[in-house]
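Subject: Structure for your review

Hello,

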Amino acid sequence: MAKLELKMGVATREAYGQALVEVGRANPDAVALDADLAKSTFSAKFQEQFPERFFTCGIAEANMVGIASGLALCGKLPFASSFAVFLASKGYDQLRMSVAYPRVNAKFVGSHGGISIGEDGPSQQSVEDIAIMCGLAGFVVLGPSDEFCARALVHRMAEHVGPVYMRTGRPKAPIIYGPGDSFKIGEAKQHGNGRDVAIIACGMEVGYALQAQAELADAGIAARVLDMHTIKPLDEAAVERAARECGAIVTAEEHLLDGGLGSQVARAVGKLFPVPMEFVGIQNTYAESGTPEQLMEKYGLTTPYIVRAVKAVLKRKGK
């Protein structure tokens with residue numbers, strides 16, 4: 001059985017830093033803030049080019065969110081970055097009251113999302129940030145799968161009027177797209193037209209989903225993959241088409257199953273066209289310290305687990 005080999009590109013956090021510089025060149029009102037993690041989030045690239053428009057807020061995410069809100073209200077276009085686990089949890093009250101409630105035009109990027117950050121351990125591994133940010137009214141929530149998706153979505157963030165959160169990752173991400181691919185907030189990217197099952201994934205799980213798609217094809221199962229880079233607002237039209245045309249859906253995410261992509265998709269499926277579903281994600285636990293590969297395997301997020309979920313949902317579908 002031939003395995004789909006995906007070439008590795010740069011991490012989505014690095015792609016964010018590159019695109020942020022491009023936004024800064026195009027818009028003199030663009031500013032960047034970081035919570036003493038600029039080298040890790042790659043917002044340091046913006047700092048190098050535009051030091052007068054960069055604000056180091058120290059280890060104080062809540063304060064950083066408040067400053068970002070103030071800058072936005074003064075007509076600036078702020079991009080505030082930190083580790084996802086710190087930004088979403090420590091900054092939640094300010095995100096709710098100073099950004100979401102008044103619908104301030106501020107952008108937030110949570111780096112080191114998920115458990116693929118590896119050895120740093122559970123205190124640094126954000127497994128609930130998507131649920132937290134989806135719970136903020138008016139927020140757009142993004143989870144890019146590769147460097148080209150991440151770069152494009154940074155520009156879409158800058159164009160969108162209103163609060164946006166994007167999760168980026170620490171490890172190198174497999175290359176799925178190219179510089180000619182376009183991305184829109186709220187529009188999934190479809191890979192293949194399989195009608196046996198739809199695999200809906202975001203972030204690092206898209207690469208695993210594409211590998212599962214190839215493995216399933218060898219077994220005579222035609223799957224389509226939806227890269228749901230926008231978790232909120234969800235592309236409900238693509239989800240409904242997948243449900244109607246495939247009759248079975250598997251979701252895959254590097255996040256707790258509670259409140260993440262699977263929850264968003266299940267709500268849409270339940271409303272629009274109920275079909276059997278299976279869910280690949282982190283099962284109500286925090287992870288340990290280990291290599292990214294060890295953690296992704298131990299917590300059931302790799303290709304074989306997606307294949308297993310597909311076979312389980314097809315049994316329920318009756319295929």
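R96 is placed in helix α6, residues 92-100; helices (H or I, at least four residues) and strands (E, at least two) are DSSP runs, numbered from the N terminus. This is a predicted model, in which local features need pLDDT of at least 70 and side-chain atom pairs count only at pLDDT 80 or more, while totals for chains, interfaces and linings use all residues. Residues are numbered from 1 along each chain as its sequence is written, and side-chain values use heavy atoms, with hydrogens and water left out.

At 45% relative accessibility, R96 counts as partly exposed. The classes are buried under 20% relative accessible area, exposed over 50% and partly exposed in between, with a 1.4 Å probe and protein chains only. Leaving aside neighbours within four places in sequence, R96 is in contact (heavy atoms within 4.5 Å) with Y101, P102 and L136. The C-alpha atoms of R96 and A309 are separated by 36 Å, and the two residues are 213 apart along the chain.

Backbone points

R103 lies in the loop between α6 and β4. R103 has a positive phi of about 55° although it is not a glycine, and it is exposed, with a relative accessible area of 54%. F42 also is not a glycine and has a positive phi, of about 75°; its place is in the loop between α2 (38-41) and α3 (44-49). The peptide bond from K232 to P233 is cis, with omega near 0°. P233 lies in the loop between β10 (230-232) and α10 (236-246).

Aromatic rings

A search of the whole structure finds 4 aromatic pairs. Rings of Phe, Tyr and Trp (its six-membered ring) pair if their centres lie within 6.5 Å; planes under 30 degrees apart count as stacked, over 60 as edge-to-face and the rest as tilted. One of the pairs is F46 with F50: the ring centres are 4.9 Å apart and the planes are at 50°, so this pair is tilted. F46 is buried at a relative accessible area of 0%, and F50 counts as buried at 10%.

F108 and F139 form another tilted pair, with 6.2 Å centre to centre and 35° between the planes. This pair links distant parts of the chain, 31 residues apart: F108 is in strand β4 (residues 107-111), and F139 is in the loop between α7 (129-134) and β5 (140-142). F108 counts as buried at 0% relative accessibility, and F139 is buried with a relative accessible area of 2%.

R53 lies over the face of F50, at 4.3 Å from the ring centre. The charged end of R151 is over the ring of F148, 5.5 Å from its centre.

Cavity and pocket

Both were found on a 1 Å grid over the protein atoms alone: a cavity is a set of points where a 1.4 Å probe fits but cannot get out, a pocket is an open set with protein on both sides within 12 Å along at least five of seven lines, and lining residues have an atom within 4 Å of a point. Grid points are joined across faces, edges and corners, and a volume is the space filled by probe spheres set on the points.

The structure holds 1 cavity of 30 Å³ or more. The largest cavity has about 170 Å³ of space. It is lined by 18 residues, of which P144, R167, G203, M204 and E254 are the closest to its centre. Strand β11 (residues 249-256) supplies the largest share of that lining, 3 residues.

The largest pocket has about 550 Å³ of space. Its lining has 23 residues, with K3, M8, Y208, Q211 and T303 nearest its centre. α9 (205-218), α12 (292-298) and α13 (303-317) each supply at least two residues of the lining, and α9 gives the most, with 5 residues.

Strand β12

M277 is found in strand β12, residues 277-282, and is buried, with a relative accessible area of 9%. Not counting residues up to four places away in sequence, M277 touches I249, T251, V265, A266, V269, V313 and R316.

Regards

Definitions and conventions: A charge sits over a ring if NZ of Lys or CZ of Arg is within 6 Å of the ring centre and within 35 degrees of the ring normal.
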